[in-house]
Amino acid sequence: MLKKIFTLSLLCLLTAANITYANELPIFSGVGGNFTAINTDGNVIEFDSFKGKVVLLAFGYTNCADICPFTLGYLKMIYKILSPEEQQGVQVIFTTVNPEYDTPEHLKAFLKYFNKDFVGLTGTRKQVDNIVSLFQAKYQTISTSGSVETKNIRRINEKEVASGKTDKTTLYNHSVMIYLIDKQGKTRSIDYTGTPGDEFVTKIRQLISEKESS
Amino acid sequence: MANKMYSRKYVRVIFLLAVFHSATISGEAFASPASSSQDSKTDERIEYAVSLNSIASTLMNWYGSLITTNNTQTVEQQANIENIRFSLTSQLWNESRTVYPESITSIQIMSADMNKHDSPGQYQFEVEVLITYMQSGTPQNKLIHEIFLFQTSDSSKPEIIQITRLTSHIEKSTSDSSQIATFKRHYYKSREFAYTWLAYMDGVKTMGSRINIDHWIDKANYSVKIGSFELDEKVGSALSKRNHYLGIGGHLLRSVTAKEVDGKPHYFELDIIIDWEGTDPSGISSIAKINQVIQYKLEEDGTLIVLSVKEKHLLPDLHTWQKLLC
């Protein structure tokens with residue numbers, strides 16, 4: 001854990017030391033695309049339904065004690081910098097890598113701690129794997145002996161479970177990338193919590209200001 | 001247009017093939033673009049990629065064809081990979097070929113610089129090669145430093161218009177056996193194919209004959225996966241749809257690995273990584289890191305026939321942290 005934080009801190013410093021405000025955000029061919037998932041209201045949605053908005057997409061899961069709260073806190077901070085009008089044109093999406101545990105209701109309750117506008121996506125394992133694959137992200141199980149009791153995990157919110165049942169979860173390592181996706185659904189930048197906030201906001205504003213082509 | 005615009009620009013590409021099996025000719029494109037517009041940058045990229053790929057293909061053909069075939073084999077073994085066939089360069093250069101030693105067993109490209117000339121469409125390739133050859137049953141090494149001047153055009157393959165031998169001297173040390181085993185005819189054939197295929201994908205249809213395209217373009221399957229865009233058709237139609245989806249730009253070869261398919265003599269798999277830069281159909285700049293796995297067969301007469309192409313677009317190498325898992 002300390003090693004991870006040290007690595008991330010070092011990367012943050014290196015990034016901050018070499019700030020370059022990109023004036024051009026190329027499309028990353030083959031990174032992303034349309035997919036189907038279940039949103040936090042329990043509805044089946046297509047990613048293409050977000051076309052017309054600039055999307056910030058990250059992967060994680062509600063029982064993540066490491067990077068997910070850090071990433072969502074960062075996204076909350078970025079979102080807050082944007083004006084209300086700009087926020088209308090932006091959608092933050094958090095896609096779980098633990099769909100078996102992260103039900104739409106639990107994901108919704110979890111995301112409320114960061115921002116009510118954030119959307120969570122879950123689905124079947126196959127659907128989630130498809131999203132991970134499309135964005136060329138990765139995740140892997142880290143629980144050595146299957147699932148672990150959630151009472152031993154430092155987490156944002158508890159999940160409601162039937163009385164007498166022990167709440168258990170699988171733990172994962174996963175990619176830390178935040179995908180910046182334009183209004184056409186094309187990935188235009190890949191960042192992480194080490195990207196200076198003003199730099200990231202500049203990129204978002206650049207995409208907001210782009211005209212939508214057919 | 002781009003030729004004229006950048007004819008005075010100095011283009012320098014350095015590549016080292018050395019002992020790396022996967023090494024390819026590569027480098028930075030035009031050092032300082034005259035215009036910042038996306039169209040101009042895409043024009044530069046296409047011109048650079050097309051010129052480099054076409055010329056590198058010709059250079060691979062030249063050196064590969066100098067390596068002696070394995071004449072000691074029986075007729076049944078003629079499809080051996082070291083008898084692989086190369087198309088002939090112009091007879092004008094037959095005399096230049098005689099200045100190389102006889103019985104060449106391997107050629108290793110040690111370094112190369114590509115410079116763009118003032119004359120439109122002309123490029124100079126300065127190459128240093130280590131040639132291993134047999135003399136009285138003993139392997140010998142010769143280091144040759146030479147310059148090729150190429151003329152490129154939209155309507156024909158690049159032509160060698162001048163060869164200048166700068167130095168040639170015997171190397172005392174002998175090559176190790178793994179080196180001799182690596183840099184042989186098939187090594188050059190696979191790279192000649194890869195560069196030619198890239199030039200063809202960028203629209204240089206005149207290069208098609210060098211890779212026998214008419215024999216397989218409507219027979220071999222080409223599967224493409226670009227995010228959620230997927231295709232699986234014959235090469236001809238898939239390439240057209242794929243290029244339309246991707247936009248206009250230029251392909252540059254980053255690595256090549258060729259290996260024989262297990263249990264299938266004369267069947268090979270070429271695994272290549274390509275960098276693509278250009279403009280998508282809506283006019284936005286676009287980049288791609290492309291992996292292609294190309295299966296091909298060596299026919300008995302030594303020609304190379306492609307059986308299938310599988311392409312997927314990978315995450316471009318952007319940041320050190322992008323592979324980090326937390």
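This report covers a helix pair and strand pairings in chain B, then a sheet in chain A.

The model is predicted: local features need pLDDT of at least 70, side-chain atom pairs count only at pLDDT 80 or more, and totals for chains, interfaces and linings use all residues. Residues are numbered from 1 along each chain as its sequence is written, with chains lettered from A and ligands numbered from 1 in the order in which they are written.

**Helix pair in chain B**

Helices (H or I, at least four residues) and strands (E, at least two) are DSSP runs, numbered from the N terminus. Helix H2 (residues 38-66) of chain B packs against helix H5 (residues 185-201) of chain B at about 160°, with the axes 8 Å apart. Axes are lines fitted to C-alpha atoms, for helices over the stretch in contact; angles run from 0 to 180 degrees between N-to-C directions. H2(B) is therefore roughly antiparallel to H5(B) (the term applies over 145 degrees). Residues are in contact if their C-beta atoms, placed from the backbone, lie within 7 Å. From H2(B), the contact residues include B:Val50, B:Met60 and B:Tyr63. H5(B) contributes, among them, B:Arg185, B:Tyr188 and B:Leu198. The contact residues of H2(B) with H5(B) divide into 8 nonpolar, 6 polar and 4 charged. Here Ala, Val, Leu, Ile, Met, Phe, Trp, Tyr, Cys and Pro count as nonpolar, Asp, Glu, Lys and Arg as charged, and the others, Gly among them, as polar.

**Strand pairings**

Two strands pair if DSSP finds at least two bridges between them.

| Pair | Bridges | Example partners |
|---|---|---|
| S9(B) with S10(B), residues 285-298 | 13 bridges | B:Leu270 and B:Ile294 |
| S11(A), residues 178-181, with S12(A) | 4 bridges | A:Leu180 and A:Ser189 |

The hairpin of S8(B) and S9(B) has 6 residues between the strands, and B:Gly263 takes a positive phi near 75°. In the hairpin of S9(B) and S10(B), 5 residues lie between the strands. B:Gly283 in that turn has a positive phi of about 90°.

**Sheet in chain A**

Chain A has an open sheet of 7 strands, ordered S3-S2-S6-S5-S4-S11-S12, with mixed pairing. Strand S3 (44-46) and strand S12 (187-191) stand at the edges, each with a single partner strand, so one side of each has no neighbour in the sheet. The twist averages 35° from one strand to the next.

Helix H4 (residues 104-112) of chain A lies across S2, S5 and S6 of chain A, at about 150° to S6(A). Helix H5 (residues 125-134) of chain A also packs on the sheet, touching S2, S4 and S5 of chain A. The direction of H5(A) makes about 115° with that of S2(A).

Note on methods
Angles under 35 degrees count as roughly parallel, over 145 as roughly antiparallel, 65 to 115 as roughly perpendicular and the rest as oblique. Two residues are in contact if their C-beta atoms, placed from the backbone, lie within 7 Å.
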